[in-house]
Amino acid sequence: MATAYSSSRRSDRRQTTIDEAIGHARDIIAEQGAGAVSISEIARRMQMRPPSLYKYFPSLNALYDSLFAEGNVELTRYVDDARIGHEPGLDRLLEQSRAIVRWSMTEPGLAALLFWRPVPGFEPSDAAFAPARALVDQAREDLATAVMRGELSPGADSEDALRLLTSVVSGIGSQQMSNEPGATYESGAYTRLLDDALQMWVRHFTP
């Protein structure tokens, strides 16, 4: 029992260190952008030597992968909460689109890491990317439901329709964060146009 207790304490301390490092990385992203994250700067903020931090993250890309995974988990929870109370199909699909942009406005640094390619050479692992695939699968299900219920034409149940929708959503979000990074979702010059843009997409697939 003593051995198990000691092992549990070591595991807890290790997770605490990992969480602290990721927290500092998120601070750096918020202050300077995703490309500014470095093992040495995080170690400096934690008052430890950089080689010690490599015990927890074998490479800078491993740290980015943890950030990517955390961002995807938070985004998924946010979107799932937003979808509650909305009917399956078009209503829920459009609310998911709005929620992705709203979350991006509150976490612009993590959103850039998830949706853009600000770190040359970084590719997320399959595990870190899995929540994003789940969000896309949810969108596919709602597209199929919207077509089945007659809310959208049969052509909406396709990869091209999904690509067009994600282009609309990411385009609005990217324009907003690029041109008015300090604005809110409600006040942003581009985010205020999101519903109009979504309705353009809907009209394109009107039965």
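**Aromatic rings, question by question**

The UniProt annotation "domain: HTH tetR-type", from an unreviewed entry, covers residues 15-75; such annotations may be inferred rather than shown by experiment. This is a predicted model, where local features need pLDDT of at least 70 and side-chain atom pairs count only at pLDDT 80 or more, while totals for chains, interfaces and linings use all residues. Residues are numbered from 1 along each chain as its sequence is written, and side-chain values use heavy atoms, leaving out hydrogens and water.

Biologist: How many aromatic pairs are there, by the rule that ring centres of Phe, Tyr and Trp (its six-membered ring) lie within 6.5 Å?

Modeller: The count comes to four aromatic pairs.

Biologist: Why is the pair of Phe 68 and Phe 129 called stacked?

Modeller: Planes under 30 degrees apart count as stacked, over 60 as edge-to-face and the rest as tilted. The centres of Phe 68 and Phe 129 are 5.9 Å apart and their planes are at 20 degrees, so this pair is stacked. Phe 68 lies in helix H4 (residues 60-83) and Phe 129 in helix H7 (residues 126-148), so the pair ties together parts 61 residues apart in sequence. Helices here are DSSP runs (H or I, at least four residues), numbered from the N terminus.

Biologist: What makes Phe 68 count as buried?

Modeller: Buried means under 20% relative accessible area, exposed over 50%, and partly exposed in between (1.4 Å probe, protein chains only). Phe 68 has 3%, so Phe 68 is buried. Phe 129, with 30%, is partly exposed.

Biologist: Why is the pair of Trp 201 and Phe 205 called tilted?

Modeller: Their planes are at 55 degrees, with the centres 5.3 Å apart, so the pair is tilted.

Conventions
Helix = DSSP H or I, 4+ residues; strand = E, 2+ residues; numbered from the N terminus.
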